[in-house]
Amino acid sequence: MRAPTVAPATDLAPRVFSRTIEDFDVPAGREEEWRFAPIRKLRDFFQPADWGSVGLSGEHDVTVEYVEISDSRLSHTWMPTDRPSAIARAQATHAVLVTIPKESIHSNPIVVNLKNAGENNYLHVEVHAGPFSKSQVVLIHDTSGNVSGSMLSLLGDQADLTMLSVIDADAAVMQHLHWFTEVGRDANFHGLSITLGGGVIRTVPTLTYRAPGGKAQMLGAFLLTGDQFQEHRILVDHTQPHCVSNVIYKGALSGEGAHSVWIGDVLVRREAIGIETYELNRNLLLTDGPRADSVPNLELETGDVISAGHASATGRFDDEQLFYLQSRGIPESVARQLVVRGFFVDVLSKIDDSELSGSLMRRIESKLGIVDHE
Amino acid sequence: MSKLTITDLHASVITEDGETPILRGVSLVVESGTTNAIMGPNGSGKSTLAYVIAGHPKYTVTSGSIDLDGQDVLAMTVDERARAGLFLAMQYPVEIPGVSVSNFLRTSITALKGEAPKLRTWTKDMKEAMADLQMDPAFASRNVNEGFSGGEKKRHEILQLGLMQPKIAILDETDSGLDVDALKIVSEGVNRYKESSNAGVLLITHYTRILRYIQPDVVHVFVDGRIVATGGPELADILESDGYETYTAAARA
């Protein structure tokens, strides 16, 4: 057994990188990274079990494969950083692998429909965007059961990858998803995390750079109703000079027990000079009752940056906006629709596929009870 | 012909500290083709009157009535009032992030007319109306009131007035914060609208300056939540030279 890699201590970066489950303690809930999570509900995610692996549903593009977890093309260097991700990597038997060949240009989105094996599932997905390739990958998660695992987007030099991860859950399922992105030299990454409902959803997007000149945009739109819980714990680790990161997460919450947590950690290492970083979280409370925690953290180990900033705001649905629109003859439901669309537009407008962005917007409106599209 | 009749209107704002009466018995008639100016000092409640007519949820009408051509305005929702033909040009229009001016105007016109305007004529109408107010065409793709200067906000309000053609328009301190060039452009917009649809205008202002560009038929002095004096355009000239002192002193007495 290999000793775990132990990273130098910073407040924000993970401390342990390992594929050995025992290298991670079972979370007690007091740890900084677990303090918001419903530990008791997630307890099955902390012990290895005999769960099936998430596969594919229906026909897929030739770039999409379902492979054995031992497939030599899967990343050797990526390491889990917490107990659930270590368990999922160790226990998964299969993985979904999307390979965008070097220099290939895909004008149509590559849609990946995931399919659960059963009630509880381990997931391992890797998207390899070859050097100088350009593509858009849409990952539609199966929300028929509980899922624990990781998604990796690995961008070669000057690759351009837009990746959407869509969780649209009606049932009270639990999903615990790491999303690790490594950006190559001068590569361009657009990640979009869309989370519409679910009982307990915890996503841990981590992004880092392999070489200078990378650009990354991480966008998120999330929606909670009823007594749902969502945590989005983001880490951008600026390890390389002259890179750019831009994080925008927007959440809408409605209902008595809805609780969202957004953690936006940005770490700028000593060697990451000349970088630009910005992170933003806005939450819209549509009713009384929901709670939205929002914690941006920026840790600068160098002062030699072009820009570094963050913003966070949580606000009520603005009655003055509704009044203004209604005073122009617009009925209340249409006015609410306009305001919510406007709220999410800077995230959803980044989706090139207008059919997909339109259907996501309609799902948001239906779920919020603004417009009955059903 | 349209007629807005306000009779003995009392309204309050309800806060944690209780109920604070603001309007204390307002009676007023605004008819098509006429311009009523309401002038008053700060805090007299004249803007509240505008908001109460439009139906702002912050205010509670405790007694009195508002009638538009036989319809009970107080029984209507905010959007129903607009569809009945009332319009309020606001003093501080709110920003609506992510909603473009063109999308907003089209949605509004669709709601007011009951059907979507034809795309070709609509684009032309909007461009012309914007040109009349010396607005840059790029304005249409900006988000509603987001990053607008004070003058741009007011032009946008008057742009809506011209496109929506309400029966009765209430202008809440449309002149405040405008330089004289912008004031002229905005006033011309109001006058064009008034002529083209023979509308009734209720013009609320703190200063007499705008009355040089928009001629009032009737001037009301508004102090302490009610109209304390009514006269012709000459009343504005008296206020210009003497101020509100005599009226505020009388109200305190």
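**Strands and interface**

Author: Strand S3 (residues 35–39) of chain B and S8(B) pair in the parallel sense over five bridges; two strands pair if DSSP finds at least two bridges between them. Strands (E, at least two residues) and helices (H or I, at least four) are DSSP runs, numbered from the N terminus. In S8(B), B:Thr205 is the bridge partner of B:Met39. This is a predicted model, in which local features need pLDDT of at least 70, side-chain atom pairs count only at pLDDT 80 or more, and totals for chains, interfaces and linings use all residues. Residues are numbered from 1 along each chain as its sequence is written, chains are lettered from A in the order in which they are written, and side-chain values use heavy atoms, without hydrogens and water.

Reader: Which way do the residues of S8(B) point?

Author: In a regular strand the side chains alternate between the two faces of the sheet. Here B:Gly200, B:Leu202 and B:Ile204 point one way, B:Val201, B:Leu203 and B:Thr205 the other, and all are buried (under 20% relative accessible area, 1.4 Å probe, protein chains only).

Reader: How many salt bridges cross the interface of chain B and chain A?

Author: A salt bridge is a side-chain nitrogen of Lys or Arg within 4 Å of a carboxyl oxygen of Asp or Glu. The rule finds one across this interface: B:Glu157 with A:Arg328, whose closest N and O atoms are 2.6 Å apart. On the side of chain B that touches chain A, H3(B) gives the most, with six residues.

Technical notes:
Buried < 20%, exposed > 50% of the residue type's maximum accessible area, 1.4 Å probe, protein only.
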